[in-house]
Amino acid sequence: MVVLGIETSCDETGCGLVDGEFRVLGQSVYSQAETHARFGGVVPEVAARAHLEKIGPVFRAALEETDLSPERIDVVAYTRGPGLLGPLLVGSSFAQGLARSLNKPVMGLNHLEGHLASAYLTNPKFEPPFLALLVSGGHTELVRVGPNLEFTVLRQTRDDAAGEAFDKSGKLLGLGYPAGAEIGKLAEHGRRDFIDFPRSLMERGNLEFSFSGLKTSVLRETQKRNPETLLHERADFCASLETAIVDVLIAKTLWALEACGEDKLIVAGGVAANSYLRQRMSDLAKREGIQLCLPDRKFCGDNGAMIAAAAQKRLQLDKWPQQGGATAGLRWEKTTT
């Protein structure tokens, strides 16, 4: 069984082919980061136009990595949401058209389910149930995944996601977009105790996130300094900022593990590529006896292979997603406790 996964939820155009053993047969990703950098963030109309131009070449590039013909694709899977409407429409239209031309079934999936499925690409034996920390530019949430792919959102961010905190703070520090990777590199050479940035909602057991206060604190600290001083202290700023964000993620993940009684954890999403977060999560897992899955960095960002992997897992469990209304299959259950 070969599944083609198509991802176009934001500013990456991704196609990946994955077999039933979660081996990536071929993958191609086109990033629009340089295009949006001059705007300081993603412009939906520009993103949609770029997806429209690149989806065909990206699909062909992924297919060329294999010795397969298009007819060997058994299922076409695509990101149904959440995401930007225009980019999602491009991916959906391409997937529907390709599936019809090949006379193959098509499956629309939740983008966040794709991030969770990046675990299977790294460790095919990593089976639910487990706890997931999803951290990306648009999402920061703790999700419990049941044995039959029951997704329960324990808590999420009230405002900015962790990735947004990195990017918006990076802009204040004069860094380019996206800023997360650059902050991580600079932080390696900075003092982590240089500024004691706020860690919000840190009452023990509180699983909600909030990073808007951190962003405001970064703004105030930058306003105290002239540009030359800020440039000189940039690495220390980045180290202190990164530490504040990771401290919150570590504490709340530990509390969620305790509350759920789970001993398996995946950290997924674009921010999961951050070296300091990966180190701290590895230390936590070793200390608490947790089985940890950190997806390979190439699967942390948006990509088609993770969507294909999510479809493969559903096919194995015979859990075809509902495809009814505009949001069918996209609403995950939220706890009330």
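Predicted model: local features only at pLDDT ≥ 70, side-chain atom pairs only at ≥ 80, totals over all residues.
**Entry 1: the whole protein**

I began by counting secondary structure and found eleven helices and eleven strands in the protein. I then looked up the radius of gyration, which is 20 Å; the globule rule gives 20 Å for 337 residues, so the protein is as compact as a globular protein of that length. Along the principal axes, the C-alpha trace spans about 60 × 45 × 35 Å.

I looked up burial next: 55% of the 337 residues count as buried. The accessible surface comes to about 14700 Å², and carbon and sulfur atoms hold 49% of that. I also checked how far apart in sequence the contacting residues lie. Taking contacts between residues at least 6 apart, I noted that 74% join residues at least 24 apart.

**Entry 2: strand β1**

Is β1 (residues 3-7) buried or exposed? Five of its five residues are buried, so the strand is largely enclosed by the rest of the structure. I sorted the side chains by direction: V3, G5 and E7 point one way, L4 and I6 the other way, and all are buried.

I then looked up the pairing partners of β1. With strand β2 (residues 12-18) the pairing is antiparallel, over five bridges, and the two strands form a hairpin with four residues between them. In that pairing L4 stands opposite L17. With β4, strand β1 runs parallel and is joined by four bridges; here G5 stands opposite A77.

**Entry 3: from β4 to β5**

I followed β4 to another pairing, with β5. These two strands pair in the parallel sense over five bridges, and V76 has V106 in β5 as its bridge partner. Strand β5 (residues 106-110) is mostly covered, with four of its five residues buried.

**Entry 4: T79**

I finished with T79, which is found in strand β4 (residues 75-81). Its relative accessibility is 2%, and buried means under 20%, so T79 counts as buried.

Which side chain makes a polar contact with the side chain of T79? I found that of E7, at 2.5 Å. E7 is also one of the buried residues of β1 noted above.

I listed the contacts of T79 as well, leaving aside neighbours within four places in sequence. They are I6, E7, T8, S9, L88, L109, H111 and I307.

Note on methods. Residues numbered from 1 in each chain as written. Heavy atoms only, no water. Buried < 20%, exposed > 50% of the residue type's maximum accessible area, 1.4 Å probe, protein only. Polar contact = N/O pair within 3.5 Å; in protein donor to acceptor, adjacent residues only side chain to side chain. Contact = heavy atoms within 4.5 Å. Pairing = 2+ DSSP bridges. Rg over C-alpha atoms; globule rule 2.2 N^0.38 Å. Areas by Shrake-Rupley, 256 points an atom, 1.4 Å probe, with all protein chains shown as cover.
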